[in-house]
Amino acid sequence: MPRYAALLRGINVGKAKAVAMADLRELLAGLGYEDVQTLLRSGNAAFSAPRTKPEKLERAIETAVDKQLGMDVSCLVRTDAELSAAIAADPFGELATNGSRYLALFLSEAPDPKLLAAHDPTELAPDEIHLGERVIYQWCPDGFLEAPSLGPFVEKHLKVRATGRNWNTVLKLADLLAT
């Protein structure tokens, strides 16, 4: 059975949208997903499910979170292969020496080429931002607070949903998918 990673945006950030990971595991298991595991306290989960389009899984999870937890939360789902491909395509390699300062911004879909031409996010920091396949990589050597705010820019100008994870979390999610 295929493995998937669910990336729920905004869960347990500050005091807003507080969700116990046990509740998230129960919610996903209630949707029929198996081998559910959560990572950290930030809305990251890995699970097995029959082969399904990730977009269908996203909608099911968003609907369940809304109905059962009363929260409007955006969810992006990646297959094991998609997450592995994003890791393999790492454009910063040995340059990004601190995974807690390296962001993978996952996108709901590939941006429209016309919007991308008009609002290229790499222009925010040409040496530190790289476009990938439904992911934008951002190396923040001085920390996220000193770097351009990529997520809001992408959502506003490219009209796609986005959620970011630091590189350490991306690698841990990949490990969960492999188990």
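Is R161 buried, partly exposed or exposed? R161 is partly exposed, at 22% relative accessibility; buried denotes under 20% relative accessible area, exposed over 50%, and partly exposed the range in between (1.4 Å probe, protein chains only).

## Basis of the report

This is a predicted model, in which local features need pLDDT of at least 70 and side-chain atom pairs count only at pLDDT 80 or more, while totals for chains, interfaces and linings use all residues. Residues are numbered from 1 along each chain as its sequence is written, and side-chain values use heavy atoms, with hydrogens and water left out.

## Salt bridges around R161

The whole structure contains six salt bridges, each defined as a side-chain nitrogen of Lys or Arg within 4 Å of a carboxyl oxygen of Asp or Glu. R161 pairs with E62 at 2.8 Å, N to O. R161 lies in the loop between α5 and β8 and E62 in helix α2, 99 residues apart. Helices (H or I, at least four residues) and strands (E, at least two) are DSSP runs, numbered from the N terminus.

E58 also forms a salt bridge with R161, with 3.3 Å between the closest N and O atoms. That pair spans 103 residues, from E58 in helix α2 (residues 54-69) to R161. E58 is buried at 2%, and E62 is buried at 16%. Together with R59, the residues E58, E62 and R161 are linked in a network of salt bridges.

## The E155–R9 pair

E155 and R9 form a salt bridge of 2.6 Å, N to O. Because E155 belongs to helix α5 (residues 150-158) and R9 to the loop between β1 (3-8) and α1 (21-30), the pair ties together parts 146 residues apart in sequence. E155 is partly exposed at 22%, and R9 is partly exposed at 35%.
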